[in-house]
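Hello,

Here is the structure we discussed handing over. My notes on helix packing and on the sheet follow below it.

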Amino acid sequence: MDEKSLVTLEYPKVLERLAAFADFSASAALARRMRPTADLTEALERQAITSEAARLLSVKSEAGIGGALDVRALIERAKRSAVLTPSELLEVKTTLISARELSRTFEHKQAEYPHLAVIAEKLPPPPGLIETISRTISDRAEILDSASPKLAAIRAEIRIAHERLMSKLTHLINDPKNQPHLQEAIITQRNGRYVVPLRAESRGRIRSIVHDQSSSGATLFVEPLVAVELNNQWHEAQLAERDEERRILTDLTDQVGAFAEVIVQLVEALAQMDLAFMCAKYAEELHAVEPMLTAFRKVGREKHPGSVILLYHARHPLLDPASVVPIDVNLDEQTYSLVITGPNTGGKTVSLKTVGLLVLMAQSGLHIPAQSGSTLSIFQNVYADIGDEQSIEQSLSTFSGHITNMVRILNRADAHSLVLFDELGAGTDPQEGSALARALLAHLVEKRITNLVATHYPELKAFAHATPGVVNASMEFDLKTLRPTYNLIIGLPGRSNALAIAERLGLSKDIIQSARGLLDPTNLQADDLLDEINQQRTIARKARGAADRARFEADQIRKDLALRLEKIEDERQAVLEKARAQQEKEVEALTTEVESLRKALARAHQPLEALKVVQERVEELRANVEQPVIRRVVQSAPPRALKLGDKVRLITLNMDGVVSALGEEDIEVLLGNLKVRARISDVVRAGQPETTLQTVQAAGQPRSAAPDRNPAPAPFTPSPGVELDLRGQRAEDALEALERYLESAYLSGMPYVRVIHGKGTGRLRQVMREALAQSEFVTSWESGGETEGGDGVTVARIAKE
């Protein structure tokens, strides 16, 4: 890419803002060296990396490189056998740990983040190196005793020698004979040896070696002769410790140096990974989106280069998002040249820079501050002549500076380039400048070079109107406030507002009228027509804005109402669930009371027929109480995740039930009193067709996922339901119903069924279980659990075909 144009379009400033998100110096340097690519495949890969990083941060905000450091200089020193210090080795360890942790993030996620996973392949650290450094260096950058057995032994000797030395000196200073001669009863150090403070006038009273004296000369710091040998032993042990530590550090540095190439690649991979996170964070700050990138289409003899620039609500990334006015730019299959006219400070230059900068960002892998659907071609180069090109050193005027730069651009640009010219032909005689501007624009059009041009010359408006592939655009101006609105209007040329502005500023009406008389009537008619068109566009834009606001407010009211209804439904369900729990307790108490009464009648040899009606009524009450509280669907509510109490249909059993528990990948559904675990994909909301969930799943698949061309065949026999209630039936009728039910369950492929026969006298239960044991459709049976009805229910396992 043309470096001069990159600076002109302020691309380095974008890179500086990007570098501010770096977690360490290597990625910051990588960001500052970033340049746009002219290769479509590489640009798409860069965009994919940024998108994957943004997706990862959205679900795992703490993802990053941790405390990694750029240790490449240290590794290079280790490679040359220079000994690293403990703190430097700790930096290497911290970096290796950060790489290991980040590498684990992408384990088993290659399909979800394929591009980041490729970078992560270089992150695993050399095996055993982290553990080796951890055994040697502490978190406070100190060499541990565990670094070597010899070091541990030496340090043990140091401790023993130190204790002996301190014991000897302590005994000496506490000796009553010596105390009168000591300045203080303390032990201190001078020149690395332990000494005691002796009064100057007591010199010779204690046999010793003088190492120092106080500034006043009143105190001598002496080493008693009785402690010299102990001091020597302690000092020799320290020297041995120093040598062993030096050997350990040399050893450890050699091990690091042996993996120099791997560690350097690891740091570079960390920098690339951090750069991806930086791009994602910058995109989030800009509210940017991934652009659609495309190659130049083949045009043959068509008068068009094949480029596309479609930007919706594009914003300059360096301007305040709260105040910048977004623009729409549309250079489609019919247009490849845009002539922008409008007042000074109206936003023409910003519009040119916005387009150029967004093209550079897109080809660098950065998301662009625009709406989704924005599409850009991959340009081989971007050239810009914007701003004052005056050069005092080269004795160039503004006009000469512009022409020099344009000559350079025209000599290099081709049909796969993007050219941006600001104030084309300005800085010289208006008539000659206008002619030169038309000639330059005609040259760009003839060479089929995609271009955007800003100008004040009205002749270029007529040229754009009459030339295929060229379209007019203008920057809107509010005559009431005498301020530009910065809105870019494509399809309409800008009009001169000089007379209108002069009139509003108080210039005499006679002068204004005289000036109008000097103008070409055709120009006046064109200005009036443009004024009328702009007014109609303003009215339409305001009406559309009012409609958008009304629709937004209606949507907000609908959402608020839906949330309120959901809250009410939550409260209703809680109240009903509480009441149902209370009823369960009452039914249990009633059951206990009836059972006690039955036992009492049995002991008294009284008939039990009178209790039969009561027991049946209690069973009916139990069945009613055990029915779950079904959540009512709020029709106005937007789609939401399943909640406890939602009514759903289990596709595999073709039965409706109620959600009783939720997991990450599975769900528990209450079918009557039977709880069934199933995959979430096997469940749809009650009342919805089974294809609804399949449609939702397909919508959530990646774009590259292909549809299943061999779906499993649907079962041809409908499910009879997971429950068969035989309570109250005679044994003969119940046996016939059970046989039909088991056959249907077998043919429909059900795994198990639930037969409700009640407790009662136990006669019906005995007959049903005997039939189940002899049935060819049943492999085994068992009593229901405590929550399923106990002995009043039998659960049978159905044989497989």
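**Helix packing and sheet**

Helix H6 (residues 86-105) and helix H8 (residues 129-136) have axes that come within 10 Å and cross at roughly 140°. The crossing in which H6 passes H8 is left-handed. On the H6 side, the contact is made by Leu89, Val92, Lys93, Leu96, Ile97 and Arg100. H8 contributes Leu129, Ile130, Glu131, Ile133 and Ser134. By class, the residues of this contact of H6 with H8 are 7 nonpolar, 1 polar and 3 charged.

Please keep in mind that this is a predicted model.

Helix H14 (residues 430-446) and helix H15 (residues 458-466) cross at roughly 30°, and their axes come within 9 Å. H14 is therefore roughly parallel to H15, as angles under 35 degrees count as such. H14 passes H15 in a right-handed crossing. Ser434, Ala437, Arg438, Leu441 and Ala442 of H14 make the contact with Glu459, Leu460 and Phe463 of H15. Those residues of the contact of H14 with H15 divide into 5 nonpolar, 1 polar and 2 charged.

Now the sheet. Strands of a sheet pair through backbone hydrogen bonds, either parallel or antiparallel. Here there is an open sheet of 4 strands, in the order E1-E2-E4-E3, and the pairing is antiparallel. Which strands stand at the edges? They are strand E1 (188-190) and strand E3 (208-213); each has a single partner strand, so one side of each is left without a neighbour in the sheet. From one strand to the next, the twist averages 55°.

Strand E2 (residues 193-199) pairs with strand E4 (residues 219-224) in the antiparallel sense, over 4 bridges. Val196 stands opposite Val222 in E4.

Two helices lie across strands of this sheet. Helix H9 (residues 149-173) lies across E2 and E4 and runs at about 5° to E2. Helix H10 (residues 225-258) lies across E1, E2, E3 and E4, and its direction is at about 70° to E4.

Regards

Note on methods:
Residues numbered from 1 in each chain as written. Predicted model: local features only at pLDDT ≥ 70, side-chain atom pairs only at ≥ 80, totals over all residues. Heavy atoms only, no water. Axes fitted to C-alpha atoms, helices over the stretch in contact; angles between N-to-C directions. Parallel < 35°, antiparallel > 145°, perpendicular 65-115°, else oblique. Left-handed = near helix turned anticlockwise from the far one by under 90°. Contact = heavy atoms within 4.5 Å. Nonpolar A, V, L, I, M, F, W, Y, C, P; charged D, E, K, R; others polar. Pairing = 2+ DSSP bridges.
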